[in-house]
Amino acid sequence: WMAGLLYLPRIFVYHSEAIQNKKSSDLLSTFKVMESRLFVYIMNPAMILSWIFGLLLIHDIGTDNLSSTWLQLKMALVIILTIYHFFLLKCLRKFDENTNKYSSKFYRIINEIPTVLLIAIIFIVIFKPL
């Protein structure tokens with residue numbers, strides 16, 4: 001799931017630059033196919049499996065651990081990643097409809113969101129600071 005969250009915005013960068021530079025329609029349609037396949041066949045199943053295994057893990061360690069601040073914070077960050085996932089779906093649809101309004105610079109910046117969240121999640125799980 002993380003690989004897709006990191007890679008899809010990078011494809012969006014190239015796609016938006018191709019639109020700005022008025023590249024061929026073949027290249028633009030290739031980007032659309034790449035983005036769609038990545039989202040549908042890799043990212044969605046990976047997100048669903050991440051949630052399933054996460055909930056199974058919570059069930060396994062016991063729901064009484066839900067009162068732990070570190071676990072609540074981790075879950076909040078995973079929910080933010082999920083919201084980010086659906087934001088990328090919205091962007092994907094805008095590219096599909098040829099109505100993208102964001103620049104390549106915007107996609108370069110938001111490409112860092114999952115990295116920061118991943119580092120925070122790993123730090124929280126390993127050190128349980130709270």
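The expected span of a helix is 1.5 Å times one less than its number of residues. With that in hand, here are some close-ups of a predicted model.

**View 1. Helix α1 from end to end.** Helix α1 runs over residues 2–20, which makes 19 residues. From its first C-alpha to its last it reaches 28 Å, close to the 27 Å expected at 1.5 Å a residue. Just after α1 comes Lys22, with a positive phi of about 50 degrees.

**View 2. Helix α5 from end to end.** With 15 residues, α5 reaches 21 Å from its first C-alpha to its last, close to the 21 Å expected at 1.5 Å a residue. Lys128 follows α5, and its phi is positive, near 40 degrees.

View 3. Pro114, Leu117, Ile121 and Ile124 are buried in α5. Seen down the axis of α5, the buried residues fall within an arc of 95 degrees, so they line one face of the helix. Turned away from this buried side is a face that carries the exposed residues Val116, Ile119, Ile126 and Phe127.

**View 4. Packing partners of α5.** Here the buried residues of α5 pack against α1, α3 and α4.

Methods: Residues are numbered from 1 along each chain as its sequence is written. This is a predicted model: local features need pLDDT of at least 70, side-chain atom pairs count only at pLDDT 80 or more; totals for chains, interfaces and linings use all residues. Side-chain values use heavy atoms; hydrogens and water are left out. Helices (H or I, at least four residues) and strands (E, at least two) are DSSP runs, numbered from the N terminus. Buried means under 20% relative accessible area, exposed over 50%, partly exposed in between (1.4 Å probe, protein chains only). The arc is that of the directions from the helix axis to the C-beta atoms. Contact means heavy atoms within 4.5 Å.
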